[in-house]
Amino acid sequence: MLPASILLCFLALGEQSFDTLTTVTLRRLVNSISAYVPGTTGTSSLLVDATVLFIGCAVAAAGLSAVFVRIEIPVRKRLLEDIESSLFSYALWHAPCYFEQRLPGEIAQQIRNAAQGASGLFVVLTYFGMRFLAMVVSAALVFSTSIPALNLIALLWTLIFLAGSYYITRACSDLSKEFAAKGGRVIGRMVDSLRNITIVRSFGRQAFEQSYLRRYINEERTSQATLRTQFYRLYVFQLAGKIVLSTLVVGFSLYALLEGRTDVGSVVMLIALAGLISSLLQAISDRMYDVFDNFGVVSQALSYLVVRHAIGDVPGADPLLPAEASVNFQNVTFRYPSGSFVLDNFNLDIKPQEKVGIVGVSGSGKSTVMRLLKREYEPTIGSILIGNRDISRCTLSSLAHAIVEVPQQVRLFNRSIRENIAYGQPDASNAEIWRAAEDASCLDFIAQRADGIGTEVGEDGVLLSGGERQRISIARAILKNAPILLLDEATSSLDPISEACVQRSLTRLMEGKSVIAIAHRLSTLRQMDRIVVMAAGRIVEEGSHAQLLNRGQYYRRLWEGQSDLQVPAGTSGRT
Ligand SMILES: Nc1ncnc2c1ncn2[C@@H]1O[C@H](COP(=O)(O)OP(=O)(O)OP(=O)(O)O)[C@@H](O)[C@H]1O
Ligand SMILES: [Mg+2]
């Protein structure tokens, strides 16, 4: 990357130097034409030399420009790839709370904006920065050897032109930032509506979604129109600047000619050089807008994306290697960043390979317990241990390897069945993938598909039934083979036949693992070693299925279908 970037700088410097040299050779060409006397070999050879030199410089400038563009293409491509993949990787390490406040489509759009803006900035700054440098040095040399006063005029004009362009384009940059933000919002809204298309259809709210989006499109277009008006002001300013410089240079050089201080060739050269300067500065002024625009887009995207990871590896974090996968919640109190307290001094000890069921009314904090164990959030007070190691001091990737989950809401990639299963263990052999599919009872529905295990499952697995999706997620979990298994309502959305089938697969999956299973259908937890009953963020009762039924308190009431569990203050029904 670095050698290619340095080469780009030299090419831009060379191109501008040859452009200025072309105007110098123009002087010689014009003077040779003036001095040409037909039939004299001396004047005609001078004319030929001047013509060859003029064309040579013009061709060299064009050639360097072509080489610059050729080299710029792979450099820009590489930059784009590097920035886009780094930002994507950074986004993948954000904790769930980051995604709760942002739309996935908006995040993707910001990653693209940042990559395109930054790579564009690099090329523009390299090209025009170097050309400007070469122009300043070469024009100063030319003016000094012809009419030195033009140095001061060109310098003043350049400063005023750049300052004016800066002033106008600065406003463009703010407007462009606003335009980019509104564009991102439109994309985000579209993705939100399209992701929920089934809800839109079932409520018949297509027209509502359209008018909802139209409001955002309208705001975006208004801000675009304001931006364009500002851009037009810049164009008028550039035209006026060009006329001023040309007039000044023509005036000064003609005056010097009339006074006999210069020749015709020099006048033509100076006018051509003035044209070159104003063209370059107009291009820079145009790019100034792009530069501010890109700066705006890149800084907005970075402030959106490069937010500190809410949960990450602490300095000196060690990998978690749970030989003994015990799990301990120690005095855990927790509230969501945007909510009230959900867990209240929660304590739970799970021995290695013990199978614990959690029951409780909706909202009592069961899923939150699992989220804390996966470190999607950190406890507000207290700590969580796996194998007697505090998980907040272990690396996130090793924690992910220690836990496998089968959730109620299965998430599948819009890829093939094979790819979704193999996600549990990327280097799994073909035989291992098939064995996992068999253990998770996937073979029957795979056989029914024309493409078999290579069948694409569609967005979030829409091309499969709920039970089939669930079985793929179990196969994926089987392949992962982590020592701790979390089941959060893994079978609750299935019909009794699918549930029985999935339950058999789950029983196989549970073998040899420490298990935490949440279920509203209490019958599915009968095989658990222990069941804990949660209410209002605390454990209010625990024991085996039979013990809890006999006790006749919370569990019994849940079993009998009562959901009005009230927890008296200070109650703890733990045995
Ligand atoms: N991301 C969040 N931000 C704020 N509050 C949340 C968030 N997720 C859950 N809650 C709140 O935390 C409480 C416990 O939620 P949790 O999902 O743990 O309940 P649950 O026992 O699993 O319920 P269910 O049986 O319905 O799944 C609820 O009051 C819920 O509204
Ligand atoms: Mg839940």
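This is a predicted model: local features need pLDDT of at least 70, side-chain atom pairs count only at pLDDT 80 or more; totals for chains, interfaces and linings use all residues.
Reader: In what order do the 4 strands of the open sheet stand, and is the pairing parallel or antiparallel?

Author: Residues are numbered from 1 along each chain as its sequence is written, while chains are lettered from A and ligands numbered from 1 in the order in which they are written. Strands (E, at least two residues) and helices (H or I, at least four) are DSSP runs, numbered from the N terminus, and two strands pair if DSSP finds at least two bridges between them. Here the order is β2-β1-β4-β5, with antiparallel pairing. β2 (341-350) and β5 (389-390) each have a single partner strand, so one side of each lacks a neighbour in the sheet.

Reader: How many bridges join β1 to β4?

Author: There are 5, between β1 (residues 327-335) and β4 (residues 381-386). Across this pair, Phe 329 is opposite Ile 384 in β4.

Reader: Which residues of α9 are buried?

Author: First the general idea: an α-helix has 3.6 residues a turn, so residues three or four places apart point the same way. A residue is buried if 20 or more other C-beta atoms lie within 10 Å of its own, with C-beta atoms placed from the backbone. In α9 (residues 366-373), these are Lys 366, Thr 368, Val 369, Leu 372 and Leu 373. They share one side of α9, because their arc around the axis (taken from the directions from the helix axis to the C-beta atoms) is only 165°.

Reader: What follows just after α9?

Author: Arg 375, with a positive phi of about 60°.

Technical notes:
A residue is buried if 20 or more other C-beta atoms lie within 10 Å of its own, exposed if 12 or fewer, and partly exposed in between; C-beta atoms are placed from the backbone.
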